[in-house]
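Biologist: Please pick one part of this model and take me through it up close. Then show me how its surroundings look.

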Amino acid sequence: MIDNFRDGDWRNERGAYLVHMVDDNQVDLATQLAISKGYVGRDLEEQIRYLASHTVRLFSHNEALPDPDNRLTLSKTNKDILGIPHPDVYYKLPEYTVKSCDHTRKVFKELIGLMHGTDEQWTPGYFPQDHPSGSTIMGTDPKDSVVDGHCRTHDHENLFIASSSVFSTVGTGNITLTVAALALRVADTLKKELLHA
Ligand SMILES: Cc1cc2nc3c(=O)[nH]c(=O)nc-3n(C[C@H](O)[C@H](O)[C@H](O)COP(=O)(O)OP(=O)(O)OC[C@H]3O[C@@H](n4cnc5c(N)ncnc54)[C@H](O)[C@@H]3O)c2cc1C
C-alpha cells in the first residue's frame, strides 16, 4: 500500500486516496494477453506463467464528501413482495473525488514507468469503492441527518442503525472495523438503558 496521499493541504481541493498494489491471481488477464499476442501450445503455457507472475494490479480508494444531491429515496413505483419500497439511488461523482482520481491516474502512470511496466491495461471510467455509506447519515440536526452520535434515529427513540450507512464521508480505508466499533457502542447504550429501565 502507498499511503502518501491520505492527507495534506491539497485536501481543500481534491480528495485523499490510498493506493493498493496487489499481486493477486492474474492468470485470466495473462491468458487473454498471451492469446492476443498469438502464442500457442507450449509457448502459450510459458507466456501465461511468465505474465501471471510478472503482473501487478493497482487500484485506489478515493475519498468522497457528503453531497445533499447524492441520496436514496423510497421508490413510489417499485416494491418488493412484502410491499417494502425499493430504493431509488441518485449518485453523481463529486468534483472533489474526480480531481482525486485524475491525480491518482498520474501517480499510476509514474509508478508504471518506475517499474518499467509494459502491456498496461486501464479500467475505463470509475470503479465503485464497495464501501456503501451515507444513506442514514449521522449528525446532530434532524433536518440534515438520520441518526445521532450513538446511532439512535432522531425520529424513533428505540431504533438504532449500526451500519456504514451512518458514515458522513467515505474515507480511504476499509470501513468494517469502524462499523463493528459503532455496533459495540450501540450494544453498550442498549445495555445501560435496559439495566436502568
Ligand atoms: C464487494 C465488496 C467488497 C468489500 N470489501 C471490504 C473489505 O475488504 N473491507 C471492509 O472493511 N469492507 C469491505 N466492504 C464493505 C463492507 O462489506 C460493508 O461496509 C459492510 O458489509 C456494511 O455493513 P452493514 O451492516 O452496514 O450492511 P450489510 O452488510 O449490507 O448488511 C445489511 C443487512 O440487511 C439485510 N436487509 C436488507 N434489507 C432488509 C429488510 N428489508 N429486512 C431485513 N433485512 C434486510 C441485508 O440482507 C443484509 O444482511 C466490501 C463491500 C463489497 C460490496
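**A helix and the loop after it**

Modeller: Let's begin at the end of helix 3, which is followed by His-116, a residue with a positive phi near 55 degrees. Helices here are DSSP runs of H or I with at least four residues, strands are runs of E with at least two, and both are numbered from the N terminus. Before we go on, bear in mind that this is a predicted model: local features need pLDDT of at least 70, side-chain atom pairs count only at pLDDT 80 or more, and totals for chains, interfaces and linings use all residues. Residue numbers start from 1 along each chain as its sequence is written.

Now the helix itself. Helix 3 covers residues 95-114, which is 20 residues, and spans 29 Å from its first C-alpha to its last, close to the expected 28 Å. That expected span is 1.5 Å times one less than the number of residues.

Which residues of helix 3 are buried? They are Thr-97, Ser-100 and Thr-104. Looking down the axis of helix 3, you'd see the buried residues fall within an arc of 55 degrees, so they line one face of the helix. The arc is taken from the directions that run from the helix axis to the C-beta atoms. As background, an α-helix has 3.6 residues a turn, so residues three or four places apart point the same way. By "buried" I mean that 20 or more other C-beta atoms lie within 10 Å of a residue's own; 12 or fewer makes it exposed, anything in between is partly exposed, and the C-beta atoms are placed from the backbone.

What do those buried residues pack against? Strand 1 (17-22) and strand 2 (57-62) are the partners of helix 3 there. Turned away from the buried side, the other face of helix 3 carries the exposed residues Asp-102, Arg-105, Lys-106, Glu-110 and Gly-113. Lys-109 also sits in helix 3, and it is partly exposed because 13 other C-beta atoms lie within 10 Å. From Lys-109 to Glu-120 is 11 residues in sequence and 9.4 Å in space, C-alpha to C-alpha.

Back to the loop. His-116 belongs to the loop between helix 3 and helix 4, and it is exposed, with 6 other C-beta atoms within 10 Å. Most residues other than glycine have a negative phi. Asp-130, in the loop between helix 3 and helix 4, also has a positive phi, near 65 degrees, although it isn't a glycine. Asp-130 counts as exposed because it has 8 C-beta neighbours inside 10 Å.

Asp-130 brings us to the ligand, as it is one of the residues around it, along with Ile-84, His-131, Ser-163, Ser-164, Ser-165, Asn-174, Ile-175, Thr-176 and Val-179. A residue makes that list if its C-beta atom, placed from the backbone, lies within 6 Å of the molecule. By class, the shell has 3 nonpolar, 6 polar and 1 charged residues. Nonpolar covers Ala, Val, Leu, Ile, Met, Phe, Trp, Tyr, Cys and Pro; charged covers Asp, Glu, Lys and Arg; the others, Gly among them, are polar.

Val-147 lies in the loop between helix 3 and helix 4 and is buried, with 24 other C-beta atoms within 10 Å. Leaving out residues up to four places away in sequence, Val-147 touches Thr-136, Met-138, Arg-152, Thr-153, His-154, Ile-161 and Val-166. Touching means C-beta atoms, placed from the backbone, within 7 Å. Val-147 is also in the largest nonpolar core, whose 8 residues include Cys-151, Phe-160 and Leu-182. Such a core is a set of buried Ala, Val, Leu, Ile, Met, Phe, Trp, Tyr and Cys residues joined through C-beta atoms within 7 Å. With that sequence cut-off applied again, up to four places away, Phe-160 touches Cys-151, Arg-152 and Val-186.

Finally, helix 4 (residues 176-195) holds Leu-184, which is exposed, with 11 other C-beta atoms within 10 Å.

Conventions: Contact = placed C-beta atoms within 7 Å.
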